[in-house]
Amino acid sequence: MAQAKTQFGYRRHPDQDRPGPNPAEHAVVVVGAGPVGLSLAIDLAQRGQRVVLLDDADRIGEGSRAICFSKRSLEYWDRLGVGDRMVDKGVVWSVGRIFHGESQLYQFNLLPEDGHKRPAFINLQQYYAEAYLVDRITDLPGIDLRWRNKVTALEQRNDSVVLTIETPEGAYRLSTQYVIACDGARSSLRQMVGAEFAGQVFEDQFLIADVKMTAEFPTERWFWFDPPFHGGRSALLHRQPDDVWRIDLQLSRDADPVFEKKPENVRPRIARMLGHDKFEFEWISLYKFQCRRMDRFLHGRVIFAGDSAHQVSPFGARGANSGLEDAENLSWKLDRVLRGSSPASLLESYHLERSLAADENIRESTRSTDFMAPNTDQEARLRKAVLSLAKVTEFGKRMVNGGRLSVPCSYDSPLSSPDAEAWRGGPRPGCSMLDAPIEARAGEQSYLTDMFRNGGTDFALLSFSNGAAVEAPDGVKDIRIGGAGGLADSAGLAAKRYDAEPGSAYLLRPDGYVAARFRHPTRGSIAAALSRAEGLN
Amino acid sequence: MALSTSSNFARPDDAFRAIVEAHRGLSDAESADLDAALVLILANHIGDIDVLREAIVLAKRRMIDGQQQQQQQQ
């Protein structure tokens with residue numbers, strides 16, 4: 001079985017020596033050093049904030065857990081300075097195949113076009129992702145990562161939150177302006193604020209086995225309905241680094257979890273699937289899942305992100321990826337609020353935007369789950385009809401739902417300025433920016449996402465020059481394509497993906513979302529859109 | 001586009017007959033399988049989610065009306 005890859009020591013902090021009534025004061029405390037908390041802490045630190053990051057364990061979690069990281073997450077990790085390491089270690093994939101019984105129903109490609117820096121997905125064990133993020137934190141000033149620091153009480157005051165923290169050397173308190181709860185699906189902070197976590201519980205049981213073996217399967221996501229080796233149920237096979245393979249088998253609702261989890265009982269199931277038993281177990285887990293969310297992600301000065309705020313079924317890679325999207329959505333807003341450059345009400349847009357995303361993720365993953373595990377005879381009958389029609393029709397293939405994989409959500413947001421002109425394509429306000437290949441002046445190949453990242457991610461004006469491009473307002477980065485001194489779009493893909501004409505411009509938020517776009521930008525229209533996106537009006 | 005409930009077939013009896021005959025000789029379970037496939041094929045052909053939803057509402061309303069009538073008779 002896999003062991004924790006990295007262990008960290010508890011270290012006493014001077015905050016622990018402060019007298020109880022006079023705790024140390026901080027700007028922001030992040031609770032939970034998983035992928036979301038670690039990423040959020042790095043993002044805030046890169047923006048110049050000092051962050052205290054607390055975790056109740058002293059090690060990176062065991063088992064592969066989340067393995068699929070999306071293009072969007074990789075682009076975020078590029079901005080956090082860890083993208084290359086993740087991609088170098090991860091296995092890159094974009095093709096999925098769906099089988100029914102013995103035969104393939106169809107295959108899909110999640111990124112069928114070239115000209116993107118990052119692939120549709122990488123698979124990487126969560127413990128590697130966490131280890132790389134911890135390494136990055138060690139290199140950065142500004143993050144105080146405290147292991148074996150468990151929050152046991154929380155008291156909200158008008159202008160601060162006071163946390164009580166248990167350590168191996170006893171309890172201490174600290175005061176902070178904001179707390180970000182990234183403490184997972186069983187969040188204790190959620191209980192401390194008294195919030196409900198309502199949703200749907202699924203009765204079906206799934207068995208995850210990560211096995212180590214050398215195999216010749218391609219680096220693709222393979223999903224079976226009713227495979228010959230696991231009759232009547234579904235199965236998933238997916239490659240990870242280090243010759244580790246993720247196998248996910250649907251079990252019956254009444255399967256005995258204790259029995260099913262024993263390696264000697266898992267082994268014959270996997271051997272039937274692979275046709276041999278030359279493999280070792282890395283990790284075995286049996287789970288039921290739930291799709292649920294908090295009603296509000298903001299509770300006074302306590303803000304919830306990732307699994308603590310919303311939980312989805314695993315089919316679709318919407319758990320960790322949506323948590324990382326929470327982090328990128330929240331960090332620039334919180335940074336502005338802490339600096340006083342935006343009002344605290346800007347944080348409400350985090351709740352609004354990420355609620356939309358949570359609802360979409362829950363909807364998509366619930367649909368996938370219901371398709372895999374029909375609830376009634378009639379649901380099973382409709383699924384049977386879809387699977388048989390998929391053999392002979394295109395529409396049937398597209399109705400087969402073996403997991404709809406994570407893509408960035410579009411926000412219907414008060415921060416967006418609606419289009420005032422006609423557009424035939426390109427990302428609308430509230431959508432994530434698109435990547436495209438471009439050449440910097442020296443003729444070197446680069447990408448729009450690199451240009452967006454360079455020099456730190458604040459607002460940016462992406463403009464397609466017509467010779468006299470409008471200047472970006474103060475504090476907004478200029479990314480100019482074409483014209484003298486601009487970036488070269490020799491393949492024409494940037495202009496195409498943004499439906500750009502000479503003079504067109506996009507105002508991008510610090511999280512890479514489109515705030516507004518203009519056919520004929522003026523200083524006034526850009527300034528108005530900027531101030532709206534900053535939550536100033 | 002709204003759901004059309006005016007008569008669209010020149011010979012409606014032929015349409016009704018075609019569906020009835022498709023079910024001839026089938027068990028209830030087989031009939032239900034046939035209907036499931038037929039609904040999906042026709043829904044895709046319509047290709048308009050609003051029309052589909054209207055059709056579902058109409059079909060369900062008839063069912064509810066029928067149940068209420070039965071209850072009143074009891």
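User: How many residues does the largest nonpolar core have?
Analyst: In this predicted model, the residues with the most contacts inside the largest nonpolar core are A:Ala41, A:Ile180 and A:Leu507. Helix α1 of chain A (residues 35-46) gives the most to this core, contributing 7 residues. The size of the whole core is 112 residues.

User: Between which domains of chain A does this core lie?
Analyst: Chain A is divided into domain 1 (14-91 + 117-197 + 294-350), domain 2 (201-290) and domain 3 (437-533). Residues of this core come from both domain 1 and domain 3 of chain A, so the core lies between domain 1 and domain 3.

User: Which residues does A:Leu507 touch, not counting those up to four places away in sequence?
Analyst: Contact here requires C-beta atoms within 7 Å. With residues up to four places away in sequence left out, the partners of A:Leu507 are A:Phe459, A:Leu461, A:Ala515, A:Ala516, A:Ile526, A:Ala529, A:Leu530 and A:Ala533.

User: How many residues are in the second, separate core?
Analyst: Among the members of this second core are A:Ile98, A:Val211, A:Ala235 and A:Leu389. The second core is separate and has 30 residues.

User: Which helix of chain A gives the largest share of the side that touches chain B?
Analyst: The contact takes 7 residues from chain A and 7 residues from chain B. By class, the chain A side has 5 nonpolar, no polar and 2 charged residues. The largest share of that side, 6 residues, comes from residues 377-390, helix α10.

User: How far apart do the C-alpha centres of domain 2 and domain 3 of chain A lie?
Analyst: Domain 2 of chain A covers 201-290, and domain 3 covers 437-533. The distance between their C-alpha centres is 46 Å.

Terms used
Residues numbered from 1 in each chain as written. Chains lettered and ligands numbered in written order. Predicted model: local features only at pLDDT ≥ 70, side-chain atom pairs only at ≥ 80, totals over all residues. Domains from an automatic or database assignment. Contact = placed C-beta atoms within 7 Å. Helix = DSSP H or I, 4+ residues; strand = E, 2+ residues; numbered from the N terminus. Nonpolar A, V, L, I, M, F, W, Y, C, P; charged D, E, K, R; others polar. Core = buried A, V, L, I, M, F, W, Y, C linked by C-beta atoms within 7 Å. Buried ≥ 20, exposed ≤ 12 C-beta atoms within 10 Å, placed from the backbone.
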